[in-house]
Amino acid sequence: MNRVSINNGSRIHFSQRLFWTIFAMFLVFISCFLLFQYQREKEFAEEKLNNVLSNYNYQLFRKCYKSEDIATTVKTFMQDIPQRDLRVTIIDPSGRVLFDNSGTDELDNHNNRSEVRKARLQNEGFAIRSSASTRKRYFYSASNIGGYIYRSALEYDPYVKGVLKINMDFIYFMGFMTLIFFFVLARFTTSIGKTISKLRDFARTAEKEQMPDLDYIFPNDELGDISKNIVTLYHQQQRAKYALTMEREKLVKHFQYSKEGFAMFDGDGREILSNILFIQFMNVISDTQLHYVEEALEVPELEPIRTFLVKNSHDPNRKKKVLRNVLTIDKNGKIFLIECILFLDHSYELSINDISRQEEESRMKRQLTQNVSHELKTPVSSIQGYLETILSNPDLDPERCRFFLERCYSQSTRLTGLLRDISVLNRLDEASALFDLTEVNIPKLIAEIEKECSQEMEIRHITTEVILPGNPTVIGNNSLLYSIFRNLYDNAIAYAGEGVKITVNCYKEDPKYYYFSFSDNGVGIATEHINRIFERFYRVDKGRSRKMGGTGLGLSIVKNSVHFHKGQISAKSSPGRGVTFFFTLKKKI
């Protein structure tokens with residue numbers, strides 16, 4: 001099981017996240033309540049002032065009802081009320097102004113005024129707005145009495161503003177309550193944080209399998225009970241671990257050596273389920289790239305399987321039994337065993353087994369020690385020879401001596417790169433849990449690689465096309481993901497030839513995996529070599545590879561880095577048609 005290293009210095013503690021989450025929710029609640037209360041107080045103040053002015057409207061109606069001189073009646077009314085600057089307007093049912101004491105001679109139809117419209121509909125209405133007649137801002141209150149609108153208004157001056165002013169005591173009270181809640185919540189979350197920190201420390205020591213001989217003391221509450229139970233369960237699990245080790249090893253080996261592509265289809269040929277190896281193997285078999293599992297039966301090499309299904313799927317004379325058909329395909333240097341099982345409900349499954357893989361792995365193991373010795377011996381021998389020449393010839397010409405030293409430095413640089421690549425492969429084989437995991441944006445990563453390789457690609461007139469729909473992002477190791485794409489770029493730049501085109505394509509995505517292809521249209525690789533290019537130290541052209549400075553481990557690092565990210569990789573090629581690598585990367589390992 002891979003262990004994930006976490007950078008604790010760059011994350012917020014749980015207790016702090018809990019505190020700020022609850023406190024933010026409380027602030028949102030308080031803000032909503034304050035807004036509601038503020039609006040309520042504002043409406044209450046406006047309604048209170050409107051009631052005063054509405055009362056004036058009804059008093060004015062009673063005084064003007066039987067009066068023949070409205071102006072004198074209004075003047076007398078104004079002397080009897082405290083608001084001597086009250087503006088009074090009387091409007092008939094048609095909207096014509098019968099009387100207005102603002103001093104304006106020409107007044108247009110007032111039925112379009114907001115407070116008048118409200119009064120027509122609801123008998124009462126008020127509004128705060130600027131007058132189109134006097135250009136002053138008023139608080140209007142209109143009353144509909146027998147179809148006539150009696151409207152009174154006060155200029156929106158400091159007095160009216162004071163009447164409408166909101167009482168802020170409730171805001172101060174809520175601020176005080178927020179402060180109390182802040183301190184109580186801080187104390188509560190700090191207590192929870194201490195318990196979780198103890199549980200985290202226990203989990204870390206358990207992960208390292210270095211459990212100290214001490215008792216963890218947890219608080220006497222529900223969270224403490226849960227923590228105690230976790231510690232107890234851990235110790236029980238440790239006691240049962242040894243008994244399960246042998247069975248676990250058998251299961252791990254089973255999945256480790258299970259290299260079979262599998263897909264199941266319903267009676268109409270629609271995919272039910274499949275694993276990632278199925279479409280990988282099908283793309284190696286097919287001469288054209290497949291994007292969907294359902295396209296498998298369209299590959300010409302699977303014609304016998306397709307004939308078998310057509311013949312037996314709807315055969316009325318078919319006996320009620322499960323039918324099986326087997327096909328062997330030798331393609332692109334690999335041998336595949338394809339098995340088709342047709343079930344009684346006309347659904348069927350296809351399995352693809354790379355039967356050449358075990359032989360390749362066995363041969364790789366036999367040659368590994370020999371290759372390592374040989375690859376290390378070459379630069380060491382060169383360095384030793386140049387140094388012996390310098391030591392045995394004290395009077396050697398300085399320029400010649402410098403030439404030998406430069407050759408020694410070149411060979412030592414190659415040796416350093418070789419040892420570095422071997423170290424990476426050893427870490428992938430034996431210490432993969434030590435690789436840190438981060439969020440890696442694939443388009444950004446490829447852009448950085450193309451920038452680094454731009455000079456070499458320009459010299460060789462190499463163009464690129466990057467097709468990455470959906471902005472793929474992988475939770476994995478940044479260094480290993482970089483090694484995958486960088487080694488593929490370096491391999492294409494070094495060996496594909498000049499004037500070629502490199503294409504990087506994320507051609508499929510499912511809930512767990514991204515499916516990539518990396519191709520060039522260069523010179524290609526012969527069929528007898530294609531199934532061995534991922535072997536350590538294997539070179540198609542040994543002389544040219546060493547001249548280019550390669551270590552022979554680039555594609556092996558690519559393969560192991562893909563496996564680290566729970567994916568699979570394969571390649572297909574033919575001379576003159578370039579090389580295409582198909583590989584998958586799990587979105588989150």
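User: Which residues are exposed on the other side of α3?
Analyst: Leu 121 and Gln 122 are exposed there; exposed means over 50% relative accessible area, buried under 20%, and partly exposed in between (1.4 Å probe, protein chains only). This is a predicted model, where local features need pLDDT of at least 70, side-chain atom pairs count only at pLDDT 80 or more, and totals for chains, interfaces and linings use all residues. Residues are numbered from 1 along each chain as its sequence is written, and side-chain values use heavy atoms, with hydrogens and water left out.

User: And which ones are buried in α3?
Analyst: Glu 115, Val 116 and Ala 119, in a helix that runs over residues 114-122. Seen down the axis of α3, the buried residues fall within an arc of 100° (directions from the helix axis to the C-beta atoms), so they line one face of the helix.

User: What covers them?
Analyst: The cover includes β1 (87-91), β3, β4 (137-145) and β5 (148-155). Helices (H or I, at least four residues) and strands (E, at least two) are DSSP runs, numbered from the N terminus.

User: Switching to Arg 129, where does that lie?
Analyst: In strand β3, residues 124-130. Its relative accessibility is 16%, so Arg 129 counts as buried.

User: What does its side chain join in a polar contact?
Analyst: The side chain of Glu 115, at 2.8 Å. A polar contact is a pair of N or O atoms within 3.5 Å; within protein, one must be able to donate a hydrogen and the other to accept it, and residues adjacent in sequence count only if both atoms are side-chain atoms.

Definitions and conventions. Contact = heavy atoms within 4.5 Å.
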